[in-house]
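Grab your viewer and work through these exercises one at a time. Each has a task, then a solution in steps.

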Amino acid sequence: MKNFIKLFILLVCTSTFAQENIGYQRPNRAIEEIALASPTPSVSINEKGDLMLIIERSAMPTIADLSQPELKLAGLRLNPANYGQSRSTYSIGLKFKKISDKSEVAIKGLPANLRATNISWSPNDSKIAFCNVLNNKIELWVIDVASATAKKATELAMNATLGSAFDWADNQTIIAKTVPMNQGKAPEKTLAPSGPTIQQNLGKQGGAPTFQDLLKNAYDESLFEYYCTSQLVKVSLNGKTQNLGTKGIFLSSEPSPDGKYILTGMIHKPFSYVVTANNFPRKVEIWDSNGQIVKSLVDLPLYDSYDWNQDAAKVGQRNHNWREDVPASVYWTEALDGGNPKTKVAFRDAVMSLDSPFTGEPKNIYKSVNRFAGFTWGNDKIAFARESWYATRRTITKIVNPTTWAEPVVLFDRSSEDRYNNPGSAETKKNQFGRNVLDIDADNNVFMTGMGASPEGDRPFLDILNLNTKETKRLWRSEAPYFESPIKVLDAKNQILLTNRQSQDEQPNYFIRDLKNSGKINQITNFPNPYPMLKGIQKQILKYKRNDGVELSATLYLPAGYKKEDGPLPTFMWAYPVEFKTKEAASQVSGSPYTFTRIGWGSAVYWVTQGYAILDNTAFPIVGEGDKEPNDTYIEQLVGSAKAAIDEGVKLGVVDAERVGVGGHSYGAFMTANLLTHSNLFKAGIARSGAYNRTLTPFGFQNEKRTYWQAPDIYNTMSPFMNADKMKTPLLLIHGEADNNTGTFPIQSERYYNALKGMGATTRFTLLPYESHGYAAKESILHMLWEMDNWLNTYVKNGKKKEAVNKP
């Protein structure tokens, strides 16, 4: 308590921190070339597997793009000029590639300055719809696949403020959310307020996460209502349009599989200033294809009192969806325990169903012992039902008969943390409605694909599983020196598989693999290597043990041409802690030594080009077995993991223990600040967009389910802010000025910097204008890299020898 009082006095008495207005900087050329490398195209495959849509992705936006007008309302970030979401990424090129002969087909008639989003195949893959984003509106376009020709579907402007602006109803019809005609001018803010903003709670208990971008006053409410209100319109590809029902704030508007109905979720008042739009009151209704209300299912109330517990659930109806395997049947979930995981009941959830024409009573089709986690529909005899319980990390998959709903049969019952024994996911196919359902053959076999985690790293696989016997046969598994992932079974009978293959030296590309012909492969794409400058860098997975016996791993990168005889290197460690309930699960290896090195904007691997050894994806498991919670010994486990990684690198002769830096983003930033506070293992640290005072997230954080008032010692011990007086290691803080992530308000870094400064620490704080939790603008990212490079060179590569400090 004395230290806290001393810290408070220092913060009050010291002046604001010195400012350094230097403008945007750029890192050295080697780092900048990597950062600005052109992104590799993505692809989308049709159901037949004979046609590939190649999608060219846009490069980084500029800071001028990011600084365009933006509204922050009810957890949304909107562009008021075009009724879309701000900060979107776009596709800037589209073309077809025939898989049979690898020929490419240009698509005629595309917009001149294409900025495509929400790219979606029609149910039978004969058309592709997408939104094209202009500065002042969002357009709906459709590509005819046979003629490879694109055209605008309507002159109506789309409203994409609440997610996707359209859904296919059938192969010739789209249900679109549009900007209402004669919308009028947006509400204007008056200079003088009409009164105070008041919130109250009349004895109801329940906290809420620290959401950002919330409504603040009546003016915000009017803006939210104005920009998020849309008119549903039936858009026929022959050019006709028809308004459907009344305009409203549509959180969802999903056509039924047969296209005859629309499941709508319409938000209405009262709005809230403490939760986001998806928790506002809303009416869930079924409309016919002309916009008439067929059935009102429920009017959900405002949900503004949260139970942070991951096994808690909302009271009443939740998660309304169409069955994918029948023409029109809606289902939803209802908690049988009042949503309270502490209530002891035989069944936690009931799944209710109502079939068209929706005049009967709902039927209870399924009860789950744990929380219901969803169906994967198949045919009239087989579907999968999933249940989970976070507290025990248990996940169960059952086979159900969706016609008789006879007693379910357990297919998998396992720990969600156990990656080694993960059976993978069942392959799906489009049914007669164009919906994805289980691909079940006449003998009740399904293909299973997964990452194939193993002690030697991830090895993706293709299995065939018989649902009658539950026996599995492995058909194929990725082999060294490649990392090859199954993408789609193109021919089940002949076992023809589309894969994505990569290696340390080969950029990911698509291949056809013939499993019945000795696994013969045929390369389909030839995307170039965006990082020729990284040729020759060395990569391997390290395995080692923590002092408590937990087995750990990390990916080690070494500079091109480096030999151990050259001596140990300055080292940069990058990590993100993860909670586990068992040491066995925490000890499992993740990643692969055979993946191509792809460097995102936030990667630590840039510095392998600067003479550093990089410890990336460094394992920091936080384990709480039995009744213990992982965070009960968070600091001890954190420091133990860091020391084990450094010791392993030293043993190999590649890590200089006197020159190690550490960094992380978000929860990794929180980790970094704690490592510097509670150990003397590092010369410097870099913490990006983190939270450092857990009393500002009092109803839980990350996977901590206890509140501050239930575990104050845990919150205070884990909060670097509360221990700022212990910091003796240089720390660079970077944060996006417009961070919208729950819990990581920019004030977290601002106040932590002030605390460190008040205590005399060596620290620097960079606030990036207009940036969110993940940084986007080219100028921001280059400047971030410049800051990090300077910090590492000053305090790690060329820093003074570490001094002993009084830390455990």
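This is a predicted model: local features need pLDDT of at least 70, side-chain atom pairs count only at pLDDT 80 or more; totals for chains, interfaces and linings use all residues.

**Exercise 1. Charges over rings**

Task: find the ring that the charged end of arginine 501 sits over, and the distance from its centre.

Solution. Start at arginine 501: its charged end sits over the ring of tyrosine 482, 3.8 Å from the centre. The rule asks for NZ of Lys or CZ of Arg within 6 Å of the ring centre and within 35 degrees of the ring normal.

Residues are numbered from 1 along each chain as its sequence is written, and side-chain values use heavy atoms, with hydrogens and water left out.

**Exercise 2. Aromatic pairs**

Task: work out how the rings of phenylalanine 130 and tryptophan 141 are arranged, stacked or edge-to-face.

Solution. First, the rule: rings of Phe, Tyr and Trp (its six-membered ring) pair if their centres lie within 6.5 Å, and planes under 30 degrees apart count as stacked, over 60 as edge-to-face and the rest as tilted. That gives 34 aromatic pairs. For phenylalanine 130 and tryptophan 141, the centres are 6.4 Å apart and the planes are at 15°, so the pair is stacked.

Now place the two rings. Phenylalanine 130 is in strand S9 (residues 127-133) and tryptophan 141 is in strand S10 (residues 138-144), so the pair ties together parts eleven residues apart in sequence. Strands (E, at least two residues) and helices (H or I, at least four) are DSSP runs, numbered from the N terminus.

Then check burial, where buried means under 20% relative accessible area, exposed over 50% and partly exposed in between (1.4 Å probe, protein chains only). Phenylalanine 130 counts as buried because its relative accessibility is 0%, and tryptophan 141 counts as buried at 10%.

For contrast, take tyrosine 366 and phenylalanine 375: this pair is edge-to-face, 5.9 Å centre to centre with 75° between the planes. Tyrosine 366 is buried at 4% relative accessibility, and phenylalanine 375 is buried at 9%.

**Exercise 3. The nonpolar cores**

Task: say which residues of the largest nonpolar core touch the most other members.

Solution. A nonpolar core is a set of buried Ala, Val, Leu, Ile, Met, Phe, Trp, Tyr and Cys residues joined through side-chain atoms within 4.5 Å. The largest one has 59 residues, and Tyr634, Leu675, Phe682, Leu733 and Tyr752 touch the most other members. Helix H6 (residues 634-652) gives the most to this core, with eight residues. Apart from it lies another core of 33 residues, including Ile537, Ile599, Ile614 and Trp791. Tyr634 also turns up in an aromatic cluster with Tyr576, Tyr667, Phe670, Phe699, Phe701, Tyr708, Trp709 and Tyr715.

**Exercise 4. Around strand S38**

Task: find which strands pair with S38, and in what sense.

Solution. Two strands pair if DSSP finds at least two bridges between them. Strand S37 (residues 538-545) pairs with S38 in the antiparallel sense over eight bridges, with glutamine 538 opposite leucine 558. S37 and S38 form a hairpin with five residues between them, and glycine 549 in the turn has a positive phi of about 95°. Moving on to strand S41 (residues 613-618), three bridges join it to S38, again antiparallel; here threonine 555 has aspartate 616 as its bridge partner. Finally, look at cover: seven of the eight residues of S38 (residues 551-558) are buried.
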